[in-house]
Amino acid sequence: MYLGIDLGTSAVKTVLVDGAQRVIASESRPLTTASPLSGYFEQDPAQWIDATFATLDALKATHAGELAAVEGIGLSGQMHGATLLDASSRPLRPCILWNDGRSAAECRVLERRWPALRAISGNKAMPGFTAPKLLWIATHEPDIFAATKLVLLPKAYLRLVLSGEAIEDVSDASGSLWLDAARRDWSDAALAATGLSRDHMPRLVEGCAPATTLRGELARRWGMTGQPVIAGGAGDNPAGAVGIGAIRPGTAFVSLGTSGALLAPTSRIAANPDRAVHTFCHAIPDMWIQAGAILSAASCLAWIARLFGATEAELLAPLGSRPQAPSPVSFLPYLAGERTPHDDPAVRGMLDGLSHGTDRGSIVQAVLEGVAFALADCRDALADAGIAMTEADAIGGGSRSGFWLSVLANVLNVPVHRFAGGETGAAFGAARLGRLAVTGEAIAAVCTRPRRIETFEPDARLVDAYAERLPAWRALYRPRH
C-alpha cells in the first residue's frame, strides 16, 4: 500500500493506493488563506500539519488494515511558498504563498544582482517565486531575515515534521529561482544574490528517490507495521504529470486547480522566460516541464459562486454540457495578478460587455471562457519556445466540469481528455512516487496513463467563433504598473 499526500492551497488531500494502483480511500481537509493587504497571501504552516494529520487519522478510523500496510509515502505540494524557520526549526512567520505579489520590486533587484538568473534557472524573476520573497523579508522584516536558519517550501516543511529531516525534491526546488535547472542542484550564485547559502537550504533528491522515513512515533500513531519510506515527491504540477503518465515529450496537459497551467514535459530545457514561461525539473530524472501558468483558474469559479451566493454546481448546471456560442460578456481572470505571459502582479480582473440583458449564465460562462483564453496565451508562449500541442489531458478540480473542458477544447483547438479521478491527480502522482521510492520499478511501468473516460473534441464553428473573440479579449488587458 502507498500514500499520496497533496498539500494544496485550498485543501490537503490524502489518497491510499494499493499495488494495483486502485485508490482505496481518500480524505481531504480544507485550508484557509489570509490576505493581510491587497496582493498579499499567506498561510499558517500549522494548518498544513493539522490538516494532514486529520486526513491520516480519518483513514486509520476507516481503513486501519490498509493503512497498516503502507510501505511508501509520496508528497506533493503547492509550489514557491517561503516557509522561514529559526534555529529550532519553528516557523518565524506565516508562509508567503505562490500567488503573493508583494515582491515585484525585489524581482528587479534580483535580476540586476544576478544577470545569469534567466539562463541558469530557466525562469524570469516573478513575485510568485521564492527568492524575491526573501529579498522582501530582508528589506521589510530584517529581524525575521536575520533569524532565518532554514528556508523550506511547503511540502518540505511537512516532510520535516513527518520525518525530522529537511529534504526537497528538484521539481519543487525549480520554483524557487535558486536551482540550476540543467544541473539539478542549488546555485551558489543565486543563493548569494539573496543573502543566503546552501546552509539555509534542504538536501536535494529526485522525486522518485527514497528521501527519508516516517518518524517511528507517527507510524505507531497510524498503526503502521513499519516506518514507511518517504519519497522525494514533487511540486503539484509535476506530481499531476506523474499521476496521468505525462512522463515523456508530446504529452501536454492542462491543470485547472486554484491556479491554472498548461504544461509540457520535455527531454531538454526549452525555456522562454521573456514570455514568463516556467522551467521546472520533472519529478523523474533527466526530464523537465515547460509551463505557462495563470494565477487564477478554478478560484475564479469559486469567486463568482460567492458573489451569487450559490454553489459552483448550481452555477454550472444550467449551462448544459456544451457551449452553443461564446458569451456576450468577457472576463479577465486576473483576480490576483497574472504570470504567463504578462508577469503583472498588479493587474486585476474585469467583466466587460455587461448590459440590462446580461443574466447569471452569461457571466458564469464568461468566467470559464476567460480562464480558457488565458490558457490560450500560455499555449502561444509555449509555441514560441518550440512546443506545439496536439491534444491535452485535464487534471484538477475544474476538470469535473464537462462544459468547461468543452470550452477549452474549442478555445485551444485541440481534443481535451478527462480521466477518472482527475481531480486527485497530484495526490495520486505522489503515491506513485512513493511506490517508486520503495520498489525501484521502471518508471514507465508504474507511471502509465489512467483510463480516459471522455474526450471533448473541438467544434469547427465554435473554434472559429472563439478565435474571432480572442484578439478583443486580449485588448482588454491594461498594465497598471
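How many residues lie between strand 16 and strand 17 in their hairpin? There are three. What you're looking at is a predicted model, where local features need pLDDT of at least 70 and side-chain atom pairs count only at pLDDT 80 or more, while totals for chains, interfaces and linings use all residues. Residues are numbered from 1 along each chain as its sequence is written, and side-chain values use heavy atoms, with hydrogens and water left out.

- Helices (H or I, at least four residues) and strands (E, at least two) are DSSP runs, numbered from the N terminus.
- Strand 16 covers residues 253–256 and is covered on both faces: Phe 253 and Ser 255 on one side, and Val 254 and Leu 256 on the other, are all buried. Here, buried means under 20% relative accessible area, exposed means over 50%, and partly exposed is in between (1.4 Å probe, protein chains only).
- On the antiparallel side, four bridges join strand 16 to strand 17 (residues 260–266). Two strands pair if DSSP finds at least two bridges between them.
- Strand 16 also pairs with strand 22 (residues 392–395), this time in the parallel sense, over three bridges.
- Phe 253 shows up in both pairings: its bridge partner in strand 17 is Leu 263, and in strand 22 it stands opposite Asp 393.

**The listed active site**

- UniProt, in an unreviewed entry, lists Asp 236 under "active site". UniProt positions are given in the numbering used here, feature names are shortened, and annotations may be inferred rather than shown by experiment.
- Asp 236 lies in helix 11, which spans residues 236–243.
- Asp 236 counts as partly exposed because its relative accessible area is 24%.
- Setting aside neighbours within four places in sequence, Asp 236 is in contact with Asp 6, Ser 76, Gly 77, Gln 78, Met 79 and Ala 426. Contact means heavy atoms within 4.5 Å.

**Helix 7**

- Nine of the ten residues of helix 7 (residues 154–163) are buried, so this helix is largely enclosed by the rest of the structure.
- The buried residues of helix 7 include Lys 155 and Arg 159, along with Tyr 157 and Leu 160.

**Two buried loop residues**

- Ser 296 sits in the loop between strand 19 (288–294) and helix 12 (298–308), and it counts as buried at 3% relative accessibility.
- Beyond neighbours within four places in sequence, the contacts of Ser 296 include Thr 258, Ser 259 and Val 371.
- Ile 284 is in the loop between strand 18 (278–281) and strand 19, and it is buried too, with a relative accessible area of 4%.
- Not counting residues up to four places away in sequence, Ile 284 touches Arg 184, Glu 206, Ile 247 and Ile 443.

**Cavities**

- The structure holds three cavities of 30 Å³ or more. On a 1 Å grid over the protein atoms alone, a cavity is a set of points where a 1.4 Å probe fits but cannot get out, and lining residues have an atom within 4 Å of a point. Grid points are joined across faces, edges and corners, and a volume is the space filled by probe spheres set on the points.
- The largest cavity has about 80 Å³ of space. Among its 13 lining residues, Pro 127, Gly 128, Leu 295, Arg 339 and Pro 345 lie nearest its centre.
- The second largest cavity has about 50 Å³ of space, and its lining includes Trp 178, Trp 186 and Glu 168.

Notes
On a 1 Å grid over the protein atoms alone, a cavity is a set of points where a 1.4 Å probe fits but cannot get out, and a pocket is an open set with protein on both sides within 12 Å along at least five of seven lines; lining residues have an atom within 4 Å of a point.
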